[in-house]
Amino acid sequence: MRPFHYTRPESLNHASQLTASSNAVPLAGGTNLVDLMKLQVEVPRKLVDLNRIGMETIAEAPDGGLTIGALASNTATAVHARVRSDYPLLSRAILSGATQQLRNKATTGGNLCQRTRCSYFTNIDQPCNKRQPGSGCGALGGVARLHAILGTSAQCIATYPGDMAVALAALDARVEITGHGSHRSVPVRAFHLLPGDRPERDNVLEAGEIITAVTLPPPVKGRQIYRKVRERSSYAFALVSVAAIVAMDSGRIARADLAFGGLAHKPWHDPRLADLLIGEQPSAALFDKAACLLLENARSHGENEFKIPLTRRTLAAVLAEATEIDL
Amino acid sequence: MPIIINDTSLDVPADPRVTLLDFLRHHAGLTGTKKGCDHGQCGACTVLVNGMRINSCLALAIAHDGDTVTTIEGLGTPDAPSVMQQAFVDHDAMQCGYCTPGQICSATAMLQEIAAGWPSDVSTNLDGDISASAEEIRERMSGNLCRCGAYANIVSAIGEVAGRDRV
C-alpha cells in the first residue's frame, strides 16, 4: 500500500470539506477500497473515515418508506425487520452477494460505490481506460467472459458488479447526497453512469459529495424476486441477475418493475419493459417479446455471448415464477 | 483509544496502512489468525470485532480504536478449548490446519447469527425460523476456504455444536 493520511472527521460537513481536496477518498466499510489500495489500483493521499459520524441508522421515513443510512452494514439492512417484510427483494439481493464476513463490514454507500471486478481494471500491468484514462481497454479483444452486453462504449465494457443496487433500482430507491453545503437526491436508476468517453467515472458523485442514505419509497403490492445466475452457488458475482416486482390484477400484469445485474456498467433498468408488460396476460410469447426489447441493442464481445440467451431465459423464468404460469 | 484484543488493550499503530490482521500478528503477537489471500477471499483471517465476524485483512487497525476484537486465542486455550474448538478436534475437521482458526471464529459467530434468526441466501423464507442444516452451514461458511478440502468434517463439527443448541 502507498502511504496515505488517515483522518476522522467530526461531522458530515467536515467530512465533505475533507473529501473535496484532490485525491482524498472517503472510507466506509473498506472491503473493496482497502483491497484496491493493496493492488495500487486506488492510491489516495488521504482517507476520510466516515464510520463514526452517525450515518448507520435505519429509520422509518415520514411517507411510509424507509431511510437506510449510508454506513448501515449490508447485514444490518438485510436482516432489518421492515426490509425483510416489506422489501424482501432487497434482503434477498444482499444475501446473494459476497460472504457473511464481507456483508458485516460492507455498507450501503460503499456498496453503491464499489468498483468493477474487470480483471484488466484490477491489474495495474494491463491497459484500462477506467483506471488510467487513455491507456486502452484490455477487455476488448481480451478475456471478456464476465463483461457487459448493454450500454458499452469503445472505451470500456466493464460491468457494475453489485447485487444490492440492482434491487434498489427495481424498487426505485433514491440516493441522498450531501456536499458543498447542499443536499440532492438522485434516483438509484440515474446514480451510476454508462462508460461513454469517460469510463473513469462510475457515478454522479462529485469531489466533496458524500452519500448520506438510501431512501426506499413506501412498499408496493406485488411479488418480489431476485434471481441471480452465477458460476458457483455461493460467493460469486452475477453473470446475470434479475430483480423483479410484479403484481397481477384479474389475470393481467398490473406492475412490472424490473432491473438487471451483470449486463452493464450500471444496474440496468429499461422503462419500456413495464410499458410492454402491463395490461397483458402472461405467456411465454409475451416474455420473449420483453426479452427482445431488452436485448435489441445487446452486443457481445466474444466470450460473453452466452449472456444474451442467458438473460432471455432468466427473465422468462422470473416472470413465469412471478405470474405463476408454466413455461 | 486503544484496541481491546482478547481483554488486553493495545494502542493503535501510527502507520495507517497496518491492517487489523498484521496488527494482530506482528504487533500483538497473536499468530493464530492467519494470512491466506490477504484480499478478503479466503477467510483465514476471520476474527470477531464487537462480536461480528469480519475479514481482518481488509480492516485498517487505526480505524478500530475502541473496538473489541476476539481472535482464536480468545475463544479458548489448548487446556480449556471452546465447544467449537473441541468439536473441530473431535471431528478431525482439518488437514493442514492453516484455515482452521478462521473456520472456528467464523463458525462461532455463524451459530449466533442463526440463533438471532438472520436468514441466508438458502433460507426458504426470511422470517427467521432457521435450522442449522448442512445446506445452511455450507452457505454461511462459504467465506472460509479449505484447500485441503476438509469440508465434510467441518460441516459435521459445526453441526454437532449446533445440535447441542449452544455455542
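## Close-up views of chain A

**View 1. Residues that bring helix α11(A) and helix α12(A) together in the predicted model.** On the α11(A) side, the contact is made by A:Ala284, A:Phe287, A:Asp288, A:Ala290, A:Ala291 and A:Leu294, and these residues meet A:Thr311, A:Arg312, A:Leu315, A:Ala316, A:Leu319 and A:Ala320 in α12(A).

**View 2. Geometry of the crossing between α11(A) and α12(A).** Two packed helices are described by the angle between their axes and by the distance between those axes. Helix α11 of chain A covers residues 284-294 and helix α12 of chain A covers residues 307-323, and their axes come within 9 Å of each other while crossing at roughly 135°. Because of that angle, α11(A) is oblique to α12(A). The crossing in which α11(A) passes α12(A) is right-handed.

**View 3. The fold of chain A as the setting for this helix pair.** The secondary structure of chain A consists of twelve helices and eleven strands. With a radius of gyration of 20 Å, close to the 20 Å that the globule rule gives for 327 residues, chain A is therefore as compact as a globular protein of that length. The C-alpha trace of chain A extends over about 60 × 50 × 35 Å along its principal axes.

**View 4. Burial and contacts within chain A.** Of the 327 residues in chain A, 52% are buried. Among the contacts in chain A with a separation of 6 or more, 63% are between residues 24 or more positions apart.

How values were computed:
Residues numbered from 1 in each chain as written. Chains lettered and ligands numbered in written order. Predicted model: local features only at pLDDT ≥ 70, side-chain atom pairs only at ≥ 80, totals over all residues. Axes fitted to C-alpha atoms, helices over the stretch in contact; angles between N-to-C directions. Helix = DSSP H or I, 4+ residues; strand = E, 2+ residues; numbered from the N terminus. Parallel < 35°, antiparallel > 145°, perpendicular 65-115°, else oblique. Left-handed = near helix turned anticlockwise from the far one by under 90°. Contact = placed C-beta atoms within 7 Å. Rg over C-alpha atoms; globule rule 2.2 N^0.38 Å. Buried ≥ 20, exposed ≤ 12 C-beta atoms within 10 Å, placed from the backbone.
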